[in-house]
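Let me put the structure up and then talk through a few spots in it.

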Amino acid sequence: MQIRRGTRADLPAIVAIENQCFPDPWPSDLIESYFDDRRAVILVAERSEPIAFLIARNEPARPRERAFHIHDFAVAPSCRRQTVGSSLLSELMGVAGTQKVARIRLEVRVENEAARRFYEHHGFSVVRKAARYYEDGGAALRMERHIAADR
């Protein structure tokens with residue numbers, strides 16, 4: 001498996017993975033907009049073709065502190081529990097180190113136990129709950145991992 005920066009040529013595969021993984025997937029044009037965002041990092045895991053992706057954005061977290069905010073992260077269902085997601089997250093942490101980013105944050109649906117356990121396994125902790133975070137009214141947990149000490 002190879003982890004690399006995503007390109008526009010990956011858009012159809014990213015959209016296909018998105019559609020396989022989420023009941024309310026992001027539209028193609030929204031995903032495509034990240035390719036024009038200088039602060040966005042798009043990572044793709046591939047074997048012979050893309051099997052997973054991660055989209056994060058370098059954003060302010062606190063005064064004088066930067067954070068990667070994971071906006072979208074999906075592994076094709078047939079490739080889960082094979083360290084693909086862990087590899088993408090490790091690569092993002094490496095990129096964070098080069099960009100002097102102090103933390104990584106994300107939101108996860110309250111009822112998504114598997115995702116929450118995955119993030120907790122990788123050092124993330126819940127910092128707050130956001131009621132009615134998703135368009136369908138679902139609640140989210142904000143999770144963060146401090147990485148300043150990792151560099």
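Predicted model: local features only at pLDDT ≥ 70, side-chain atom pairs only at ≥ 80, totals over all residues.

What does its side chain pair up with? There's a polar contact of 2.5 Å between the side chains of R57 and D37. And if you skip the neighbours within four places in sequence, R57 is in contact with D37, R39, A40, A67, F68, H69 and H71.

Next up, helix α4, residues 113-121. Which residues are buried there? That would be A115, R116 and Y119. These three are on the same side of α4, because they span an arc of only 100° around the axis. As for what covers the buried residues of α4, the list includes β4 (65-75), α3 (84-98), β5 (103-109), β6 (125-130) and β7 (140-146). And just after α4 you get G123, with a positive phi of about 90°.

R81 has a phi near 60°, and it isn't a glycine. You'll find R81 in the loop between β4 and α3, and R81 is exposed, at 86% relative accessible area. Then there's R132, also not a glycine, with a positive phi of about 55°. R132 is in the loop between β6 and β7. Buried or exposed, then? R132 is exposed, with a relative accessible area of 67%.

That's it from me, happy to take questions.

Notes
Residues numbered from 1 in each chain as written. Heavy atoms only, no water. Polar contact = N/O pair within 3.5 Å; in protein donor to acceptor, adjacent residues only side chain to side chain. Contact = heavy atoms within 4.5 Å. Buried < 20%, exposed > 50% of the residue type's maximum accessible area, 1.4 Å probe, protein only. Helix = DSSP H or I, 4+ residues; strand = E, 2+ residues; numbered from the N terminus. Arc of directions from axis to C-beta.
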